[in-house]
Amino acid sequence: CGLVKNLSLMSGVSVGTPSNPIVCFLEEWGMEPLEDYVPHASPNATRVFVNGVWVGVHQDPGSIANTMKTLRRAGDIPAEVSITRDIRSQELRVLTDAGRVYRPLFVVEHEGPNKGQLKITKDIINAVIAQQEEEAAGEETAANEDTIDWAYLVKNGIIEYIDGEEEETVMIAMSNEDLELSRQLQSGVEIEFADNARRALTNPNAHTWTHCEIHPSMILGICASIIPFPDHNQSP
């Protein structure tokens with residue numbers, strides 16, 4: 001029927017990383033190996049899968065999943081590793097294989113005084129702009145650990161790679177304005193919308209945002225992104 005699938009802008013394909021270090025880490029952090037698992041002794045245990053292989057069970061999946069995501073944002077676990085906790089199925093799925101499509105998203109702070117705000121700040125953006133201006137002027141800057149580039153943003157957990165399976169378990173805001181509206185609604189501020197369309201796009205029941213789109217057009221592929229007003233109905 002002519003339908004095709006296109007990669008969204010800025011998406012990438014995983015090249016694969018070894019899974020043995022992940023399995024060893026899980027065992028050190030309380031995972032019970034599959035050969036030692038007694039079903040009737042711990043019926044509520046969460047099954048742990050690494051690349052689709054059932055390797056053991058864990059009694060505290062929320063803690064281990066959060067720990068692994070924190071280590072991934074710190075650069076201790078490869079950025080392309082997928083960590084998905086399925087609460088309904090009582091499964092923790094970790095994927096390190098090749099061939100998975102992922103795309104970058106801004107990380108939203110989930111705790112502390114900046115809860116609900118983007119982890120990227122104006123200071124970081126200004127530093128990136130300053131570096132670009134220096135490069136445009138022909139000034140050579142030596143690459144070091146303080147150089148703010150794409151690798152720096154990924155290594156410091158400001159941008160995170162999310163694949164299709166993990167995307168099902170996160171809450172993604174469309175823009176920073178949506179995050180601000182959500183914070184105001186949660187604090188009880190009455191907001192007057194200029195039009196009903198904007199009111200319809202705002203979800204007052206969304207309490208926890210985990211990520212934010214770099215730009216709304218990053219959802220689309222190359223062909224769809226060049227269509228004028230792709231979020232409107234076509235004219236007759």
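## A hairpin to start

Strand 3 and strand 4 (residues 53–58) are antiparallel partners, paired over five bridges. The model is a predicted one. Two residues separate these strands in a hairpin. Asparagine 51 sits in the turn, with a positive phi of about 55 degrees.

Two pairs show how the strands line up. Arginine 47 faces valine 57 of strand 4. Valine 48 stands opposite glycine 56, also in strand 4.

## The sheet around strand 3

Strand 3 has another partner. Strand 6 (residues 91–95) runs parallel to strand 3, and four bridges join them. Here valine 48 has leucine 92 of strand 6 as its bridge partner. Strands of a sheet pair through backbone hydrogen bonds, in a parallel or an antiparallel way.

Five strands make an open sheet with mixed pairing, in the order 2-4-3-6-5. Strand 2 (32–33) and strand 5 (82–86) are the edge strands, each pairing on one side only. Helix 2 (residues 61–73) packs on the sheet and touches strand 3, strand 4, strand 5 and strand 6. The directions of helix 2 and strand 5 make about 160 degrees.

Is strand 3 enclosed or open to the outside? Four of its five residues (46–50) are buried, so strand 3 is largely enclosed by the rest of the structure.

## Salt bridges

How many salt bridges does a search of the whole structure find? The search finds eleven. One of them joins the side chains of glutamate 160 and arginine 72, at 2.7 Å from N to O. This pair links distant parts of the chain: glutamate 160 is in strand 8 (residues 159–163), arginine 72 is in helix 2, and they are 88 residues apart. Buried means under 20% relative accessible area. Glutamate 160 has 4%, so it counts as buried. Arginine 72 is buried too, at 3%.

Arginine 103 and glutamate 213 form another salt bridge, with their closest N and O atoms 2.8 Å apart. Arginine 103 belongs to strand 7 (residues 101–107), and glutamate 213 to the loop between strand 10 (211–212) and helix 8 (222–225), so the pair ties together parts 110 residues apart in sequence. Both ends are buried: arginine 103 has a relative accessible area of 10%, and glutamate 213 has 5%.

Some salt bridges share partners. Arg47, Asp86, Glu91, Arg93 and Glu165 are joined this way into one network. Within it, arginine 93 bonds with glutamate 91 in a salt bridge, the closest N and O atoms being 2.6 Å apart. Both of these residues, arginine 93 and glutamate 91, are buried.

Leu7, Val13 and Val101 make a nonpolar surface patch of about 240 Å². Leucine 7 comes from the segment before strand 1 (12–13).

How values were computed
Residues are numbered from 1 along each chain as its sequence is written. This is a predicted model: local features need pLDDT of at least 70, side-chain atom pairs count only at pLDDT 80 or more; totals for chains, interfaces and linings use all residues. Side-chain values use heavy atoms; hydrogens and water are left out. Patches are made of residues with over 30% relative accessible area and no salt bridge: like charges are joined within 9 Å, nonpolar side chains (Val, Leu, Ile, Met, Phe, Trp, Tyr) within 5 Å. Accessible areas come from the Shrake-Rupley method with a 1.4 Å probe; for residues, only the protein chains shown count as cover. A salt bridge is a side-chain nitrogen of Lys or Arg within 4 Å of a carboxyl oxygen of Asp or Glu. Buried means under 20% relative accessible area, exposed over 50%, partly exposed in between (1.4 Å probe, protein chains only). Two strands pair if DSSP finds at least two bridges between them. Contact means heavy atoms within 4.5 Å. Axes are lines fitted to C-alpha atoms, for helices over the stretch in contact, and angles run from 0 to 180 degrees between N-to-C directions.
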